[in-house]
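Here is a friendly briefing to read alongside the model. Have a look at the sequence and the fold, then come along for the details.

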Amino acid sequence: MHSLEPEEEDFLLCPSLEWDGLYLEETFGDRLRLFYNRFNSSTRALLDDSLFREIEDNSLVISLEILCSNQIIHKRLSQKHQKIGNEIRWIWPDTVTQFEIGTQSPDWCGQVFKL
């Protein structure tokens, strides 16, 4: 006879969450992944076609560049600059002082936003 109540061994325990380990993302890729996941699907679709680069000065990150594949994506991301800036402040709190949204095309156009 099959019981409706699951066996104790059917349950998996979640690993304990350590609050100290939440901000240990040290590599650029880890921080970028965290940045990407903070947005909704429409913004992530725009970010999918973009390139990212940190600009450092004396091992201190001072700027984050977002290079869009075309001017349409550039325009749409520029309209979301406040949300992007808030996420950058949260993920790179003490290091990034500005971010740039530009295009990858030869006739580079872009905007710099201070944090």
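Is Phe 28 buried, partly exposed or exposed? Phe 28 is partly exposed, because its relative accessible area is 24% (buried means under 20% relative accessible area, exposed over 50% and partly exposed in between, with a 1.4 Å probe and protein chains only). Please keep in mind that this is a predicted model, in which local features need pLDDT of at least 70 and side-chain atom pairs count only at pLDDT 80 or more, while totals for chains, interfaces and linings use all residues. Residues are numbered from 1 along each chain as its sequence is written, and side-chain values use heavy atoms, leaving out hydrogens and water.

**Overall layout**

- The chain has 4 helices and 4 strands (helices are DSSP runs of H or I with at least four residues, strands are runs of E with at least two, and both are numbered from the N terminus).
- Along the sequence, these elements follow the pattern α-α-β-β-α-α-β-β.
- The chain is 115 residues in length, and 29% of them count as buried.
- Among contacts with a separation of 6 or more, 57% join residues 24 or more positions apart (contact means heavy atoms within 4.5 Å).

**Helices H1 and H2**

- Helix H1 (residues 28-37) and helix H2 (residues 41-48) have axes that come within 9 Å and cross at roughly 140° (axes are lines fitted to C-alpha atoms, for helices over the stretch in contact, with angles from 0 to 180 degrees between N-to-C directions).
- On the H1 side, Phe 35, Tyr 36 and Asn 37 meet Arg 44, Leu 47 and Asp 48 of H2.
- The residues of this contact divide into 3 nonpolar, 1 polar and 2 charged (Ala, Val, Leu, Ile, Met, Phe, Trp, Tyr, Cys and Pro count as nonpolar, Asp, Glu, Lys and Arg as charged, and the others, Gly among them, as polar).

**Aromatic rings**

- There are 5 aromatic pairs in the structure (rings of Phe, Tyr and Trp, the last by its six-membered ring, pair if their centres lie within 6.5 Å; planes under 30 degrees apart are stacked, over 60 edge-to-face and the rest tilted).
- The pair of Phe 28 and Trp 92 is tilted, because the ring centres are 6.4 Å apart and the planes are at 40°.
- Phe 28 lies in H1 and Trp 92 in the loop between helix H4 (81-91) and strand E3 (98-103), so the pair ties together parts that are 64 residues apart in sequence.
- Trp 92 is buried, with a relative accessible area of 1%.
- Phe 35 and Phe 39 form an edge-to-face pair, 5.0 Å centre to centre with 80° between the planes, and both residues are buried.
- Ring pairs link Phe 28, Phe 35, Phe 39, Phe 52 and Trp 92 into a cluster.

**Two residues to look up**

- Lys 80 sits in the loop between helix H3 (71-79) and H4, and Lys 80 is partly exposed at 29% relative accessibility.
- Not counting residues up to four places away in sequence, Lys 80 touches Thr 43 and Leu 46.
- His 74 lies in helix H3 and is buried, with a relative accessible area of 9%.
- Beyond residues up to four places away in sequence, His 74 touches several residues, including Cys 68, Ile 101 and Gln 111.
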